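Reader: Hi! Could you walk me through this one in plain words?
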Amino acid sequence: MGQRDLPFPREEARLLSTASAFEAAFGGAPDGVWCAPGRVNLIGEHTDYNEGLVLPLAIDLECRVAARPRTDGVLRLVSAQLGDGGAVLLADRRADDLIGWARYVVGMAWALQDAGLAVGGADLLVDSDVPAGAGLSSSAALECSAGLALCHLVGLTPDPMVLAHAGQAAETRTVGAPVGVMDQVASSLGSAEGPVLLDCRSLTTRSVPLPLVENGLALVTVDTRVEHDHASSGYAARRRECEWAAAALGVASLRDATVDDLHRLDGVLLRRARHVVTEIARVVDAVEVLDEGRVDALGPLFAASHASLRDDFEVSCPELDLAVAAALAAGALVARMTGGGFGGSVVALVPHAAVQDVERSCRIAAHDAGAPEPDIRVVGTATGARRCG
């Protein structure tokens with residue numbers, strides 16, 4: 001095992017577990033373990049593929065990949081959670097033969113090769129605690145951890161933005177989900193200091209402060225256990241509708257539209273465009289109040305974002321709406337759905353004294369509504385993709 005550059009007490013146990021799983025699957029020790037985090041998006045939903053602004057935050061739920069190189073150009077894949085992912089000859093680019101989670105890893109290898117990074121075969125053991133289908137970017141964490149492992153195994157150190165774009169390409173071309181680049185940027189470039197403001201047109205980034213400790217706040221995720229899948233949900237339809245709205249307004253993307261332009265639209269296209277235009281403005285306002293240390297001023301912005309996603313973009317669901325209402329009623333400072341929607345999770349900032357009340361309220365509300373029991377976690381912030389063992 002390589003020398004660990006980190007860090008958190010519980011990571012020791014995580015790394016040992018991942019390395020042991022590799023030895024059980026493949027025999028012998030891996031050359032190393034690579035990690036990449038999941039994310040919550042604080043605000044800026046469905047604005048990334050509209051060339052807008054987003055504010056994602058890397059969290060300490062992560063995907064770990066233990067790996068060692070092979071000389072035959074074959075990727076052998078095993079998941080500690082999902083079992084055998086099969087063996088694929090990288091030179092044989094038949095995406096139709098790939099199924100399940102293996103598509104993300106193989107697609108990532110192909111995307112890196114297309115970007116000029118000569119990655120090769122490897123034995124890979126994937127061990128993730130980012131829940132799949134929860135809207136916390138389990139796929140981006142898998143892509144970035146596996147991609148970084150494949151690069152390091154052949155002595156390459158990819159630029160983090162190149163790694164992010166390769167992940168986006170893997171998901172778009174191989175998996176068939178027309179995602180923006182936000183999730184992969186958060187997983188690749190995330191900072192434990194706070195969220196990353198990403199301009200999805202210029203691809204510039206900067207860290208934004210999130211003073212949780214100073215304000216006595218916990219970062220809480222509420223996974224409704226209503227799974228979403230960007231490849232099969234209404235995600236692609238929303239993207240098309242945004243493109244149609246931009247074309248109707250004569251702009252390159254909805255990033256260039258203004259509130260004053262919206263009167264030229266009606267019906268579905270009006271609602272979709274109105275969400276994107278106002279959501280980009282909410283990101284700007286959220287960054288301003290965070291730069292000023294006024295976390296309490298996020299409340300109206302989160303509320304307006306969730307309402308817009310529910311009513312104008314129509315990507316929320318009853319379980320998400322219920323969790324937001326229950327969290328706020330029990331004392332959460334702010335709460336909104338996070339991620340692409342059609343299920344997934346709520347993100348909330350909760351005073352430490354109210355965490356148990358929020359958890360109890362969300363569980364009771366779900367039970368009374370006959371909804372799945374939510375998975376509620378207090379999460380920390382994390383750094384982006386890295387070698388961790």
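Reader: What is the strand order in the open sheet of 4 strands?
Author: The order is β9-β10-β8-β11, and the pairing is antiparallel. Strands here are DSSP runs of E with at least two residues, helices are runs of H or I with at least four, and both are numbered from the N terminus. Two strands pair if DSSP finds at least two bridges between them. This is a predicted model, where local features need pLDDT of at least 70, side-chain atom pairs count only at pLDDT 80 or more, and totals for chains, interfaces and linings use all residues. Residues are numbered from 1 along each chain as its sequence is written, and side-chain values use heavy atoms, leaving out hydrogens and water.
Reader: Which are the edge strands?
Author: Those are β9 (334-338) and β11 (375-379), each pairing on one side only.
Reader: And how many bridges join β8 to β11?
Author: There are 5 bridges between β8 (residues 217-223) and β11, and the two run antiparallel. For instance, Thr 221 has Arg 377 in β11 as its bridge partner.
Reader: Nice. Which strands does helix α9 touch?
Author: Helix α9 (residues 318-329) packs on the sheet and touches β8, β9 and β10, where contact means heavy atoms within 4.5 Å. Its direction makes about 165 degrees with that of β9. Such angles run from 0 to 180 degrees between N-to-C directions, and axes are lines fitted to C-alpha atoms, for helices over the stretch in contact.
Reader: New topic! At what angle do α2 and α3 pack?
Author: Helix α2 (residues 102-114) and helix α3 (residues 138-153) pack at about 50 degrees, with axes 9 Å apart. That angle makes α2 oblique to α3: under 35 degrees counts as roughly parallel, over 145 as roughly antiparallel, 65 to 115 as roughly perpendicular and the rest as oblique.
Reader: Which residues meet there?
Author: Among them are Tyr 104, Met 108 and Leu 112 from α2, and Leu 142, Ala 146 and Leu 150 from α3.
Reader: What about α2 and α4, how do they cross?
Author: The axes of α2 and helix α4 (residues 160-175) come within 8 Å and cross at roughly 120 degrees. α2 and α4 are therefore oblique to each other.
Reader: Last one: what pLDDT does the protein average?
Author: The average is 93, and 96% of the residues score at least 70; pLDDT is the predictor's confidence in each residue, from 0 to 100. Over residues 1-8, though, the pLDDT is below 50.
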